[in-house]
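Colleague: Before we discuss the packing, please put the model on the screen.

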Amino acid sequence: MAPDVTGMTPEVSVVVTTYNGATRGFLRAAIDSVIAQSHTAFELLLVDDGSTDSTQSVCESYLADSRVKYVRQPNAGVAAARNRGLEQASTQFVCFLDDDDSWDSEKLARQMKVLKESTHPLNLVYTAIKVVDQHDQLLNIQRHAVPEDPYEGMFFENYVDATSSVLVRKSVALEVGGFDADVFTPQLQGCEDRDLWIRVARRGGVAAIADPLVTYRIHGHKLSKNIEQMERSELAMLSRAFEVAPPSMIARRKEAYAATYGRLAMEYFGAGEYTGFRAKVRQIFALGKVPERSLGLGIRYLLSWVPGLIPLMRKARL
């Protein structure tokens, strides 16, 4: 039985951004996962970024639910669509959900519980995620605790993992500038979320839920699968972050870049792009900041010249 939400005051706003989500085929599952939340005091903003397929019809089919609003705008990119939802949200907390991801039914309830039980104001609460393929087969679970220093930690990795896992304080997100929606700087596309989280984290008040309450889907349309674009995006994000970083973080600049190159190197290696992998390894050692996994990188560097041995080493759990 559907919950009675008549006259209910929303406590949190959910922004689902979509572009031709009906064609990709996951949009209904994403919306349904919000409607099915055990925490029913929410508003749902469906932001259609200029879709050219039947996405509008799919979204409008949910408008009988008084909590759902449909917003359509000319195509401007996912960052602009998220900002549109952020600006139109009527509550002080906002969650985002991509149109190919979905939530566990307790996701909102768990995050609101953390907010209410915290002894200090929180600006961002995220959860672990389940990573699945397009057929919903589990690939892995990504779970990261909040670093001792949430701001500096974001220079080394995006411990939040997925925008679809985030609950953020609206006022803080807007005060620090929201998502960068400048379509003339496409090199940031793919890290526009981390670019915002690092600015939010500088304000403090970050918490994590260790349970995977978000299903993050990997498929052919995911920008994060394009390693070269992700490299451009991460480096652009780091460059921007260091422009306004305090001296304590500037002193760790080489360390942060080494960590980034190490992560990118592993992505290249996993994809069989060994030229790109070797380039990242050389950049790491040129910085003079050898990461903890240097032995593994060194072994992989040698194997990248004789890739026929890699399957054997993988069996040995390289």
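Colleague: In which hand does H8 pass H9?

Modeller: This is a predicted model, in which local features need pLDDT of at least 70, side-chain atom pairs count only at pLDDT 80 or more, and totals for chains, interfaces and linings use all residues. Residues are numbered from 1 along each chain as its sequence is written, and side-chain values use heavy atoms, with hydrogens and water left out. A crossing counts as left-handed if the near helix is turned anticlockwise from the far one by less than a right angle, and as right-handed if clockwise. The crossing of H8 past H9 is right-handed.

Colleague: At what angle do helix H8 and helix H9 pack?

Modeller: Helices are DSSP runs of H or I with at least four residues, numbered from the N terminus, and axes are lines fitted to C-alpha atoms over the stretch in contact, with angles from 0 to 180 degrees between N-to-C directions. For H8 (residues 192-201) and H9 (residues 227-243) the axes lie 9 Å apart, and the packing angle is about 25°. H8 is therefore roughly parallel to H9, a term for angles under 35 degrees.

Colleague: Which residues of H9 make the contact?

Modeller: Contact means heavy atoms within 4.5 Å. H8 contributes Arg194, Asp195 and Ile198, and from H9 come Glu234, Met237, Arg240 and Ala241.

Colleague: Which residues does Trp197 contact, leaving aside its neighbours within four places in sequence?

Modeller: With those neighbours left aside, Trp197 has its contacts in several parts of the chain numbering. The partners are Phe96, Leu124, Met154, Asn158, Val160, Thr163, Val166 and Phe179.

Conventions. Helices (H or I, at least four residues) and strands (E, at least two) are DSSP runs, numbered from the N terminus. Angles under 35 degrees count as roughly parallel, over 145 as roughly antiparallel, 65 to 115 as roughly perpendicular and the rest as oblique.
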